[in-house]
Amino acid sequence: MAIKKEPEILLKASKINKSFGNFIANKDIDISIAKGEIHALLGENGAGKSTLVKIFYGVLKPDTGTIEINNSEVSISSPNSARKNGVGMVFQHFSLFPALTVAENILIALDKKIKFKDLILEISKLSKEWELFVDPLKRVSELSVGEQQRVEIIRCLMQNPKLLIMDEPTSVLTPQEISNLFKILKRLASSGCSILYISHKLEEIIELADQVTILKSGESIATINAKKTNTKFLAETMVGKEITDLKKTNSMNVTKDIALELKDLNKAKETDFGISLKNINLKVNYGEILGVAGIAGNGQVELMEILSGETQCEKENHILLETRPIGFKNIAERRLLGIETIPEERTLHATVPNFTIAENTFLTYFFKYPKANNIISNLLNNPQNSKIESENIIKDNDVRCPEANPLANQLSGGNLQKFILGRSLANDPKVAIFSQPTWGVDIGAATSIRQKLLNLSNSGKAVILISQDLEEIFELSDKICVINDGALSKILPVAQITAEDVGLLMGGKLETSNEMEST
Amino acid sequence: MITFIPRDKVSKNWTIIGPILSIFLTIFFGLLIFTFLGYNPLETLYQIFLSPFSRIDRISDILVKACPLIIVGIGLMLCFRANVWNIGAEGQFIMGTLLAGSFALLFPSVETKFFIFIMIVIGFIGGALWAFIPAILKTKLNVNEILVSLMLVYVAMLFIDFIVRGPLRDPMSFGFPLSKPYPEGAIINKIPFPAIGYLGQLHYGILFIILLIPISWLFVNKTLSGFKINVLGAAPKAAKFAGFKQNTITITVLLISGGLAGVAGVIEVSANIGQLQPEVSFGYGFTAIIVAFLGRLNPIGILFAGIIIATVKLGADNAQMSMGIPKVVTGLFEGILLFFLLTGETLQKYKIKWSKVT
């Protein structure tokens with residue numbers, strides 16, 4: 001039998017343990033990354049991926065365990081020593097100063113001394129060599145998110161890294177930007193630089209990675225060859241149980257009756273960091289799901305606030321419920337009219353973390369009590385009144401609680417979201433508006449949440465789904481539009497639009513605005 | 001480096017050990033300081049902690065001293081629960097007293113005790129009006145309420161000084177900056193006990209606390225308005241999501257806390273002084289901030305915190321009178337006590353982790 005040459009190991013970590021208080025983030029993790037390999041780290045939120053790579057990059061120190069680089073044990077005490085050991089990292093949230101230029105941003109992070117002129121030359125060279133296309137003299141605030149990420153990559157490449165760590169790099173990119181990034185990463189790997197790629201997106205891992213290590217609740221449960229597996233297997237290993245497919249019965253009950261309409265809605269931004277909403281036209285019918293795609297920070301928050309009633313419209317007839325103008329109604333009044341919204345932030349916005357579930361139910365139910373015309377019970381309208389409703393929500397939505405009536409922060413993200421969704425749906429809304437309903441929840445909970453949205457539209461309700469997850473948008477929506485820089489694209493049926501088109505719209509590259517439709 | 005790690009749940013052990021350890025450490029450091037300064041340490045501790053309880057009339061004086069602290073503290077509790085930082089209760093106390101007192105002086109011959117209820121209402125209005133200034137500036141112009149409410153304390157202090165030296169000075173006061181005495185109807189009497197007579201200075205104003213504590217407890221725990229205040233403090237965005245009006249809540253808590261500070265002033269002056277003078281408050285408005293937090297923003301806690309602080313204050317007076325220990329030294333001791341009480345409370349919620357600096 002021919003002996004196959006073992007790949008050379010670049011980084012080998014053994015028995016890494018790390019805990020925060022009682023919470024064990026990493027438990028006896030072994031991982032080894034070969035030279036020139038793209039190694040994916042897969043796991044649900046809270047599985048310990050970020051902790052592990054932060055240990056590799058010296059941001060966190062392991063409680064126990066050893067790290068070897070090129071077969072010699074190293075102690076990575078800080079990001080500085082990580083860089084000296086040839087480890088570079090691109091964080092999920094970029095660490096760039098928006099007011100400075102690309103070159104200045106790279107200069108501050110640089111350990112070696114270099115003349116500014118030489119630096120610019122070097123950046124241009126790297127940028128050309130790796131097809132990163134970044135102008136070193138441009139201000140970071142003028143760059144798109146994708147370009148900013150490329151600046152971070154250049155910053156790492158300046159140090160000639162042997163290992164590049166990328167933490168969820170695609171969560172903020174358009175499909176076009178993602179495929180560009182993958183080209184770059186593959187070229188980097190073939191030139192000998194190893195890449196540790198963190199993601200919870202399965203397709204990406206299959207497409208990009210050589211090896212994939214799956215983490216679950218802080219433990220490494222498998223390392224498998226990414227080329228010889230499929231998404232279903234990965235998902236089930238990651239979650240640890242079989243995943244039920246969505247029962248997709250879209251477009252069954254789509255009606256011609258308009259449920260909610262936005263007409264030429266304009267809203268100037270309230271702070272310097274906000275986005276102005278520009279001439280937004282939107283219609284959603286009963287029985288359909290309208291997906292609003294877009295990259296984070298393009299006006300989703302502002303759109304959500306104006307839809308929910310947390311901010312008021314400039315004109316009453318900017319928003320119509322059926323034919324009734326409701327632009328001046330506040331969120332509580334709209335709830336009474338049958339419009340339920342679920343904001344993106346689960347804690348501190350949709351719920352108060354250190355309040356009990358009954359209190360959090362009371363938060364959006366308080367106006368329902370008391371039913372009796374009794375002065376005392378009117379005076380003493382308190383969360384006790386929501387006890388029964390909260391128990392029903394927990395029961396009907398399979399919310400797993402550690403105890404009866406727990407604090408909201410005792411629930412996991414997925415269970416909390418199930419509660420929030422259940423709380424809204426128990427109000428029997430006519431129109432339901434969701435922002436990022438499955439962001440950061442485990443696959444099991446995500447599937448059940450998505451199924452609920454489908455059921456909702458099938459039962460004849462109108463649903464607006466604002467999401468950055470394109471897969472989710474395409475999976476659930478009947479019609480799709482894209483928000484970019486506060487403006488909404490034309491609304492198209494899902495059959496008439498491709499992911500590529502949506503990607504271009506998300507990047508603001510395709511001109512199919514509302515105005516074209518109306519003229 | 002020291003890091004504080006939040007505990008998942010409040011530690012049961014520390015709920016017991018914490019306060020005991022706090023008291024023990026306070027006593028230990030107290031002994032140390034008093035010894036170094038040349039005072040008999042045990043005698044000093046006795047004066048501060050135990051002498052206020054040594055006679056029944058002294059115990060009633062604790063209640064008298066705690067009365068304004070608790071009333072102001074309850075009002076501040078509402079503000080602090082809503083994350084509204086009213087630091088100016090001292091000024092609201094003064095303005096409530098001044099408005100009600102000036103009103104009383106308009107009726108020099110009123111005798112009916114019902115008059116005191118009118119004064120309490122006017123005192124509430126006076127304090128609330130003074131708190132309305134930071135409230136309106138915060139909600140309309142987004143001006144920080146900490147600065148405005150604090151600065152208005154000094155305005156109020158100087159204003160009452162001007163009034164009692166000028167327009168309201170009693171011509172018969174031999175040049176002292178004092179108003180005429182209040183009419184009979186504006187005086188809160190001491191409580192007579194059968195067979196014993198009066199217990200120190202114990203007066204009918206105490207009844208107000210007996211009413212206020214259960215009502216405020218019901219208000220914050222069992223009413224929608226109380227719930228709104230709690231939500232605004234815990235998560236302002238969630239309050240917006242529920243449809244609660246942030247500005248209305250902010251204005252309401254400032255008006256109530258200012259009003260209660262004014263009422264505290266009316267009761268204090270009507271019961272113990274009986275006329276207007278340049279100094280009516282002796283720092284009650286500021287001390288009540290400590291009382292509110294020491295009582296964990298909870299009416300029953302504030303009752304006990306008010307009593308603890310009043311005890312130590314009276315004990316400090318006793319130590320000064322009987323041993324000549326200056327106020328600064330007992331003030332230092334009060335500081336140590338608060339420091340350890342708050343440390344103990346922190347340890348119930350957080351673990352401490354020591355690590356080497358890398």
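This is a predicted model: local features need pLDDT of at least 70, side-chain atom pairs count only at pLDDT 80 or more; totals for chains, interfaces and linings use all residues.

Modeller: Where domain 1 of chain A meets domain 2 of chain A, nine residues of domain 1 are in contact with 13 residues of domain 2. On the domain 1 side, helix 6 (175-190) and helix 8 of chain A are the elements that each give two or more residues. That side splits into five nonpolar residues, three polar ones and one charged one. As for the bounds, the assignment puts domain 1 of chain A at 9-239 and domain 2 at 244-338 + 430-519, with domain 3 at 351-428. The C-alpha centres of domains 1 and 2 of chain A are 34 Å apart.

Now for what lies behind the contact. Chain A has an open sheet of six strands, ordered 6-7-8-3-9-10, and its pairing is mixed. Strand 6 (87-90) and strand 10 (219-225) of chain A are the edges: each has a single partner strand, so one side of each has no neighbour in the sheet. On average, neighbouring strands are turned by 20° against each other, ignoring direction.

Within that sheet, strand 3 (residues 38-42) and strand 8 (residues 194-199) of chain A run parallel and pair over five bridges. His39(A), for instance, has Leu196(A) as its bridge partner in strand 8. Back to helix 8 (residues 231-239) of chain A: this helix packs on the sheet, touching strands 3, 9 (211-216) and 10, and its direction makes about 30° with that of strand 9. Helix 5 (residues 145-157) of chain A, meanwhile, lies across strand 6 and strand 7 (163-167), running at about 170° to strand 6.

Conventions: Residues are numbered from 1 along each chain as its sequence is written. Chains are lettered from A and ligands numbered from 1 in the order in which they are written. Two strands pair if DSSP finds at least two bridges between them. Helices (H or I, at least four residues) and strands (E, at least two) are DSSP runs, numbered from the N terminus. Axes are lines fitted to C-alpha atoms, for helices over the stretch in contact, and angles run from 0 to 180 degrees between N-to-C directions. Two residues are in contact if their C-beta atoms, placed from the backbone, lie within 7 Å. Domain bounds come from an automatic or database domain assignment. Ala, Val, Leu, Ile, Met, Phe, Trp, Tyr, Cys and Pro count as nonpolar, Asp, Glu, Lys and Arg as charged, and the others, Gly among them, as polar.
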